[in-house]
Amino acid sequence: MMRIAYCEDEPAQAALVRAMMERWGVRRQEPVEVVLFESAEEFMFKNEDFPYDAVFLDIAMRQMNGMELAHAIRRKDKKLPIAFLTADKTFAIEGYEVRAVRYLLKPVTAEKLEGLLDELLSEREKRSEETICITVGENGIMKRIAEEEICYVEVAGHYTHLHLAGAPAIRIKESLAAVVARFHSKEQFVKCHRSYVVNLAYIEKISRTDCTLTDSTILPVSRSAYQHLNEQFIAYYRGSCP
């Protein structure tokens, strides 16, 4: 199932687009769940994280507009596909700053909307195929963990801790180097300290002594690691890091 959030303060427009998405789903034999939000404030209040395959945003909304909401989403999630459906052309260039996948002007045609949905579905399937899960042993129990769920990896004594997004950390008796060597997206996991490897997708900001993650966790940054970490983070933010 494809799960889409749509933030739109005009009920008639929201209902029209949802119906178009659902018809596309029927033709593609891909069930679609469209979750509607009447304002950016409602979206942020109801979503601590973003369990969606894509987010569609109007821009001209009361109080917080759609572009401001997109920036708020990006501060927590660097990868979630964001598309704008709007009558306002003035924000098109700013859409690149939040790495929007598309900027569609109203009235949105079924052809353009379905073309975008086809692309989103194809990208989701590609990500699913490329996701590598690592198998770890914890008290004799084998677990499979998707790399994208790992915020950072920490070594403490003879154990390595995998700190996960929205789930308890997992402790395994294996070296930090051995764990990281199994990752498929090695460029995305960068050493920030001799005891920590951080997932670039979860970094909010970096200083010369520490880095702050999207959940406000603060990790130490060593002097020797700072330059490489900062360069990789900038490259990732600009979309040039896989």
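The following questions and answers set values from a predicted model against the definitions behind them.

Residues are numbered from 1 along each chain as its sequence is written, and side-chain values use heavy atoms, without hydrogens or water. As the model is predicted, local features need pLDDT of at least 70 and side-chain atom pairs count only at pLDDT 80 or more, while totals for chains, interfaces and linings use all residues.

Q: What is the mean confidence of the protein, and where is confidence lowest?
A: The mean pLDDT (the predictor's confidence in each residue, from 0 to 100) is 88, and 90% of the residues reach 70 or more. Confidence is lowest in strand S6 (residues 133-138), at a mean of 62, and highest in strand S15 (residues 218-220), at 97. Helices (H or I, at least four residues) and strands (E, at least two) are DSSP runs, numbered from the N terminus. Where pLDDT is low, the predicted coordinates should not be read in detail.

Q: Why is serine 195 called buried?
A: Buried means under 20% relative accessible area, exposed over 50%, and partly exposed in between (1.4 Å probe, protein chains only). Serine 195 has a relative accessible area of 16%, so serine 195 is buried. Serine 195 lies in the loop between S11 and S12. Leaving aside neighbours within four places in sequence, serine 195 is in contact (heavy atoms within 4.5 Å) with Val153, Glu154, Val155 and Leu176.

Q: Why does glutamine 63 count as exposed?
A: Its relative accessibility is 71%, so glutamine 63 counts as exposed. Glutamine 63 lies in the loop between strand S3 (54-57) and helix H3 (66-76), and its phi is near 55 degrees, a positive value in a residue other than glycine.

Q: Why does arginine 99 count as partly exposed?
A: The relative accessibility of arginine 99 is 25%, therefore arginine 99 counts as partly exposed. Its phi is also near 55 degrees.

Q: How do you know that strands S9 and S10 pair?
A: Two strands pair if DSSP finds at least two bridges between them. S9 (residues 159-164) and S10 (residues 167-172) have four bridges, in the antiparallel sense. Threonine 160 stands opposite isoleucine 172 in S10.

Q: What makes arginine 3 and glutamate 33 a salt bridge?
A: A salt bridge is a side-chain nitrogen of Lys or Arg within 4 Å of a carboxyl oxygen of Asp or Glu. The closest N and O atoms of arginine 3 and glutamate 33 are 3.0 Å apart, and the pair forms a salt bridge. The pair links distant parts of the chain, with arginine 3 in strand S1 (residues 2-7) and glutamate 33 in strand S2 (residues 32-37), 30 residues apart.

Q: How do you know that aspartate 9 and arginine 62 form a salt bridge?
A: Their closest N and O atoms are 3.8 Å apart, against the limit of 4 Å. At 14% relative accessibility aspartate 9 counts as buried, whereas arginine 62, at 59%, is exposed.
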